[in-house]
Amino acid sequence: MEAAARRRQHPGAAGGPGAQPGASFLQARHSSVKADEAASTAPFHLDLWFYFTLQNWVLDFGRPIAMLVFPLEWFPLNKPSVGDYFHMAYNIITPFLLLKLIERSPRTLPRSMIYVSIITFIMGASIHLVGDSVNHRLIFSGYQNHLSVRENPIIKNLKPETLIDSFELLYYYDEYLGHSMWYIPFFLILFMYFSGCFTPTKAENSMPGAALLLVVPSGLYYWYLVTEGQIFILFIFTFFAMLALVLHQKRKRLFLDSNGLFLFSSFALTLLLVALWVAWLWNDPVLRKKYPGVIYVPEPWAFYTLHVSSRH
């Protein structure tokens, strides 16, 4: 009895008069989160996946198309193009959707890593915005994407020759630094979300009809991302990491939920499309010259300037 009375009078006891404000709430919230992680499974996020796929197609894939469609007089070469405004919107909307996706993860993910990844993603996408804007403006002056910087007719005759180094620096920011800081955190966030998409209920290991309809446009967009962004190694590493995680969790009798299955199916379709794309252009001598080495994945816009726009 005396020990019980002392506990009731102790100022730091939970619920006692000297307890920290909100301490019992934090304890209750912490225990509820753990319970949710153990027992709950997130439903299919149709709204987020639909918005995510739609804005990827419109704001990313649609950027260069919009630049070709809209009259040049509306967006002079010394001003931002319509594609640049698309890119600005993408740089704002995509991180927001990624954060909303992380919020709906059934598993608590490391916040510090999420924050650093989002910050790096925005910085890399912004670097790419500038480099890509100048690169697409050069196309109107005769720049050819299927050629290297120094082999382009409008570049190799520049005087002084140090200007060529400046254009190569711009290309480096666009295609290497910008892409790395953009896509590495992007795939890292998707993988972290994917790691929480497992459930002990095998009956939930299926996708609704709406998810099946979204798999094709989603996988097709990632094909464009992998080929145009030249990130096949990063993509294949992420895909095999996802596959290894699925096999590992299967041993624990855990199965992918509908969201994880949607993401995994999209990536599997992407891998198939990339393989077909490479097989189709395997013997193209010009593209082979631009993309030497073991990893041969031509860019769609390089194919466009070589085989489509050159015919008009």
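**A partly exposed phenylalanine and an enclosed helix**

Phe 70 is partly exposed, since its relative accessible area is 34%, a value that falls between the limits of 20% for buried and 50% for exposed residues. The residue sits in the loop that links helix 3 to helix 4 (82–103). Phe 70 also takes part in a nonpolar surface patch of about 740 Å², together with Ile 65, Leu 68, Val 69, Leu 72, Trp 74, Leu 77 and Phe 140. These details, like everything that follows, come from a predicted model.

The chain has a mean pLDDT of 84, and 85% of its residues reach 70 or more.

Turning to the overall architecture, the chain contains twelve helices and two strands. Read from the N terminus, the order of elements is α-α-α-α-α-α-α-β-α-α-β-α-α-α. Of the 312 residues, 42% count as buried. Among contacts in the chain with a separation of 6 or more, 77% join residues 24 or more positions apart. The chain exposes about 17,000 Å², with carbon and sulfur atoms supplying 67% of that area.

An unreviewed UniProt entry applies the annotation "transmembrane region" to residues 85–102, 114–131, 176–194, 206–224, 230–248 and 260–282. How much helix does the model place in residues 176–194? This span is 100% helix and 0% strand, and its end C-alpha atoms lie 26 Å apart. For residues 260–282, the corresponding values are 91% helix and 0% strand, with the end C-alpha atoms 33 Å apart.

Terms used:
Residues numbered from 1 in each chain as written. Predicted model: local features only at pLDDT ≥ 70, side-chain atom pairs only at ≥ 80, totals over all residues. Heavy atoms only, no water. UniProt positions renumbered as here; feature names shortened; annotations may be inferred. Helix = DSSP H or I, 4+ residues; strand = E, 2+ residues; numbered from the N terminus. Buried < 20%, exposed > 50% of the residue type's maximum accessible area, 1.4 Å probe, protein only. Contact = heavy atoms within 4.5 Å. Areas by Shrake-Rupley, 256 points an atom, 1.4 Å probe, with all protein chains shown as cover. Patch = residues over 30% accessible without salt bridge, like charges linked within 9 Å, V, L, I, M, F, W, Y side chains within 5 Å. Salt bridge = Lys/Arg side-chain N within 4 Å of Asp/Glu carboxyl O. pLDDT = per-residue confidence, 0-100.
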